[in-house]
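This briefing is meant for a reader who is meeting the structure for the first time.

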Amino acid sequence: MSIKLYGAALSPFVRKTRVALALKGIEFESVHIDPNNTPEGYEKISPMKRIPALEVDGQFLADSAAICAWMEKTHPEPALYPSDAMEMGQTIWFERFIDYDLAMRCTFAVFRNRVVMRLLGKECDEEKVQHALSTTIPPLFAYLDKTLDGRKFLVGDSMTVADIALASQMVNFRHGGETIDPATYPNLAAHTERMHALAPFAQAIEKETGFIQKVMG
Ligand SMILES: N[C@@H](CCC(=O)N[C@@H](CS)C(=O)NCC(=O)O)C(=O)O
């Protein structure tokens, strides 16, 4: 089986996919795609020209959720989706909530302004960042913190793709110069710390932090 992952290092969705591939022990080749300047014809691989996309023996899949669903079917162990029907539904909910609502308010407001804009040589809209930090992010963090009260994982007793998706967005929050306040969100902060200590996350954080420091000084 020949597998290629199209993406870039700092994307939370690509990182989510990479971590899931690593946890399942799936070997793949990385193909760098700059999401702000995709190569000609990339829409044949990813119709909306987004990253990540996966190529498996000449067939293509776009979107991290589709890619994770594919790998669960082809490489069931370790399971990243629960077998219980209700827990499966809850996992899909959290994955969507994190990849869309949280990403929009968190990564696309904080990380995009503080890191991506600067990498592109543009101004950081700090007002937008402060609005997100003070107004739009807190209710989502509070919801996640409450969900994680007394639990190690978002759903059930073992790690699911929802935990990986969340921890991946939190890497971008950290790259954006922010930390989760353990006094306000103790469960979310502990979940993030545990997830980021896992080898695939720890390695990604080290490599990406080094890159950001080198490029941004
Ligand atoms: N829901 C998608 C989101 C993918 C996404 O938005 N990726 C960003 C990079 S972090 C991208 O490709 N942006 C370029 C664009 O939207 O044109 C997923 O989970 O894969």
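Where does P52 lie? In this predicted model, P52 lies in the loop that runs between strand β2 (29–32) and strand β3 (53–56). The points below begin with the peptide bond at this proline and then turn to other backbone features and to a surface patch.

**Cis peptide bonds**
- Most peptide bonds are trans.
- The bond that joins I51 and P52, however, is cis, with an omega of about 5 degrees.

**Positive phi angles**
- Most residues other than glycine have a negative phi.
- K49, although it is not a glycine, has a positive phi of about 60 degrees, and its place is in the loop between β2 and β3.
- K49 counts as partly exposed because its relative accessibility is 40%, a value between the limits of 20% and 50%.
- D57 is likewise not a glycine and has a positive phi of about 45 degrees; D57 is found in the loop between β3 and β4 (59–62).
- Because its relative accessible area is 53%, D57 is exposed, the cut-off for that class being over 50%.

**A nonpolar surface patch**
- L119, F211 and V215 form a nonpolar patch on the surface, and together they have about 260 Å² of accessible area.

Note on methods. Residues numbered from 1 in each chain as written. Predicted model: local features only at pLDDT ≥ 70, side-chain atom pairs only at ≥ 80, totals over all residues. Heavy atoms only, no water. Patch = residues over 30% accessible without salt bridge, like charges linked within 9 Å, V, L, I, M, F, W, Y side chains within 5 Å. Areas by Shrake-Rupley, 256 points an atom, 1.4 Å probe, with all protein chains shown as cover. Salt bridge = Lys/Arg side-chain N within 4 Å of Asp/Glu carboxyl O. Helix = DSSP H or I, 4+ residues; strand = E, 2+ residues; numbered from the N terminus. Buried < 20%, exposed > 50% of the residue type's maximum accessible area, 1.4 Å probe, protein only.
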